[in-house]
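Subject: the structure I promised

Hi,

Here is the structure we talked about, sequence included. Have a look first, and then read on for what turned up.

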Amino acid sequence: MPITMQDVRFWLDAEEVNYNRAKELGPEAIPFLMELVQGNNLALASKATYLASLIHTEEAVAVIETAAARSEAVVRVAAASSLRNLPEVQAERVLDQLVHDADAGIRKVTLNSTRQFRSQEIEATLQHVADTDPEAFVRDAAASTVRMMQRRRQIP
């Protein structure tokens, strides 16, 4: 049976979303998640962003990119938080946009969401943040994440 907006809203309207169950909606939910991310309800946009990150398709990354480009910080922070759920190659597509966000808090959430990655491309981006970010606490967080990534890469 095809997925509808009503199905998606059923899961996302809950105060505490069960994302593990909601992700079973699968790729058919992506157009509805994109619609919610582009909509005026910021709570739904944030939840839709996070849910999209659990559905590993190229279209899902487009939802997160759209969320990262929103003017509202609450939606951008959901995009930053969702990076941790993406495969590295997909996270790389959104990372540059988020580490250069005007909001230092969003930059820090982005850094915290990349700690598990081992990609040298992601490491180089974070090293650039560690060297150049205007906020000391963001530079420190980036440097810490880079060190963690380097240690992880040494472990087979």
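A quick definition to begin: helices are DSSP runs of H or I with at least four residues, strands are DSSP runs of E with at least two, and both are numbered from the N terminus. Please keep in mind that this is a predicted model, where local features need pLDDT of at least 70 and side-chain atom pairs count only at pLDDT 80 or more, while totals for chains, interfaces and linings use all residues. Residues are numbered from 1 along each chain as its sequence is written, and side-chain values use heavy atoms, with hydrogens and water left out.

Let's start with Ile122, which sits in helix H9. Its relative accessibility is 1%, so Ile122 counts as buried (buried is under 20% relative accessible area, exposed is over 50% and partly exposed is in between, with a 1.4 Å probe and protein chains only). Beyond the residues up to four places away in sequence, Ile122 touches Glu88, Glu92, Leu95, Thr114, Phe117 and Met149; contact here means heavy atoms within 4.5 Å. Leu98 is 24 residues from Ile122 along the chain, and their C-alpha atoms are separated by 12 Å.

Setting aside residues up to four places away in sequence, Ser113 touches Ala80, Ser81, Leu83 and Arg84.

Now for helix H4. How many of the twelve residues of H4 are buried? Nine are, so H4 is largely enclosed by the rest of the structure. Among the buried ones are Leu44, Lys47 and Leu51. The cover over them includes helix H1 (5-12), helix H2 (19-22), helix H3 (30-37), H5 and helix H6 (73-82). At the N-terminal end, Asn41 caps H4, with a side-chain oxygen 3.1 Å from the backbone nitrogen of Ala43. (A polar contact is a pair of N or O atoms within 3.5 Å; within protein, one must be able to donate a hydrogen and the other to accept it, and residues adjacent in sequence count only if both atoms are side-chain atoms.)

H4 (residues 42-53) packs against H5 (residues 58-68) at an angle of about 145 degrees, with the axes 8 Å apart. Those axes are lines fitted to C-alpha atoms, for helices over the stretch in contact, and angles run from 0 to 180 degrees between N-to-C directions. On the H4 side, Ala48, Thr49, Ala52 and Ser53 meet Ala60, Val63, Ile64 and Ala67 of H5.

Between these two helices, in the loop, you'll find Ile55. At 5% relative accessibility, Ile55 counts as buried. Apart from neighbours within four places in sequence, Ile55 is in contact with Lys23, Gly26, Pro27, Ile30, Leu33 and Ala60. Ala22 is 33 residues away from Ile55 in sequence, and 9.8 Å away in space, C-alpha to C-alpha.

Is His100 buried or partly exposed? Partly exposed, with a relative accessible area of 46%. A polar atom of the His100 side chain lies 2.8 Å from the backbone oxygen of Asp96. Leaving out neighbours within four places in sequence, His100 is in contact with Arg107 and His128.

Cheers
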